[in-house]
Amino acid sequence: MATTSLSVLLSNPFSPPRPHHHLFTPKNQTHLTIRHHPRPNPTSILSCNSQLRCCSFRNSKFQLRTSMGDTAKKTSEDDEDEALVVGEDSAFFDLSRQKISSWLLFSLVLGVVLFVLDFAWIDNSGLGLGNAFIHAVSELSDSPEVVMLTLILIFAIVHSGLASLRDVGEKLIGERAFRVLFAGTSLPLAVSTVVYFINHRYGGLQLWQLQSVPGLHQLVWLSNFISFFFLYPSTFNLLEVAAVEKPKMHLWETGIMRITRHPQMVGQVMWCLAHTIWIGNSVAVAASLGLIGHHLFGVWNGDRRLAIRYGEAFEDVKKRTSVIPFAAILDGRQKLPKDYYKEFIRVPYLTITALTLGAYFAHPLMQAASFRLHW
């Protein structure tokens with residue numbers, strides 16, 4: 001689940017985070033066990049307010065609301081059969097909990113990161129390390145397909161490798177320092193890979209040409225647009241991403257997680273298929289194979305890491321969710337609440353909508369900026 005989609009780098013929604021409701025802790029710490037309890041005794045039901053904040057419980061058994069308008073208390077047998085939520089509420093945003101000082105610090109951190117990235121990696125009048133990196137990889141082969149796959153492989157090894165070492169790294173240097181290390185190595189490699197793809201996307205061998213097919217442009221555009229709604233919920237926690245708040249490994253369960261436990265992978269597959277169908281050449285195929293392969297590895301690695309961190313709580317979530325979209329819903333393991341749509345009417349998804357539309361119209365600017373780098 002730590003896998004980051006390269007396709008969203010230039011249009012990553014800066015949507016606000018939600019507060020963290022730690023109703024359980026990792027299994028390697030002293031914690032209160034949360035168990036799946038399909039028919040809870042009414043006297044031991046957890047009662048929560050509509051924002052999943054003020055909670056009370058008896059007998060150490062939890063039953064959480066399943067959506068914004070639900071409470072834990074059930075009024076019928078059918079309601080009691082509804083699965084209990086033990087994970088966190090994804091894409092939740094509470095304006096009253098936001099601190100201006102935190103967002104000012106986030107803006108400062110973002111400015112510093114962009115400045116250092118430009119000076120050290122992008123700008124050839126600065127250190128220009130990115131140019132040297134691209135040329136070094138390009139020396140391996142004259143084939144843009146091979147170079148494309150190599151860039152993705154390097155990114156995947158660094159990104160997923162550091163994600164796998166997160167527990168050890170955080171114990172050694174702390175959560176914030178490890179996040180700086182993680183982002184400081186992953187971000188330049190992601191930028192290089194994206195820029196190379198933009199500059200070479202019409203290279204290689206043309207395999208098909210379907211751009212004149214009626215309705216295809218609209219289908220591709222819609223698929224690409226929807227794919228950004230499958231961002232992994234941790235992407236929304238910008239204060240944690242920037243290490244303004246202490247980064248945490250979250251166990252999400254609501255929102256997009258009800259559809260698929262690995263939304264980042266699903267969104268990446270949708271993005272790759274849309275762009276490959278539209279471009280139709282060997283470079284696009286190579287890029288898609290590399291990105292999809294990386295995210296499929298992330299499915300296994302993400303589940304493995306969450307199982308280590310959260311133990312039985314993750315197993316409960318896993319039973320009620322699926323990797324394949326809608327599979328858990330169709331086979332009855334995931335029961336959507338009546339007001340499920342409200343889990344998407346939230347600030348992060350409204351921000352995604354605006355920024356995804358903006359990124360589409362900004363494509364010419366992205367392409368012009370990439371061409372100037374000559375990567």
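Predicted model: local features only at pLDDT ≥ 70, side-chain atom pairs only at ≥ 80, totals over all residues.

Trainee: How many helices and strands are in the protein chain?

Mentor: Helices (H or I, at least four residues) and strands (E, at least two) are DSSP runs, numbered from the N terminus. The protein chain has 14 helices and two strands.

Trainee: What percentage of the residues is buried?

Mentor: Buried means under 20% relative accessible area, with a 1.4 Å probe and protein chains only. Of the 375 residues in the protein chain, 49% are buried.

Trainee: At what angle do α4 and α10 pack?

Mentor: Axes are lines fitted to C-alpha atoms, for helices over the stretch in contact, and angles run from 0 to 180 degrees between N-to-C directions. Helix α4 (residues 144–164) packs against helix α10 (residues 282–310) at about 15°, with the axes 9 Å apart. Angles under 35 degrees count as roughly parallel, and α4 and α10 are therefore roughly parallel to each other.

Trainee: Which residues of α4 and α10 meet?

Mentor: Contact means heavy atoms within 4.5 Å. Those of α4 include Leu 149, Ile 152 and Phe 155, while those of α10 include Ala 286, Leu 291 and Phe 297.

Trainee: What does the UniProt record cover as "transmembrane region"?

Mentor: Such annotations may be inferred rather than shown by experiment. The unreviewed UniProt entry gives that annotation to residues including 146–165 and 177–199. Residues 146–165 are 95% helix, with end C-alpha atoms 28 Å apart; residues 177–199 are 100% helix, with end C-alpha atoms 34 Å apart.

Note on methods
Residues numbered from 1 in each chain as written. Heavy atoms only, no water. Parallel < 35°, antiparallel > 145°, perpendicular 65-115°, else oblique. Buried < 20%, exposed > 50% of the residue type's maximum accessible area, 1.4 Å probe, protein only.
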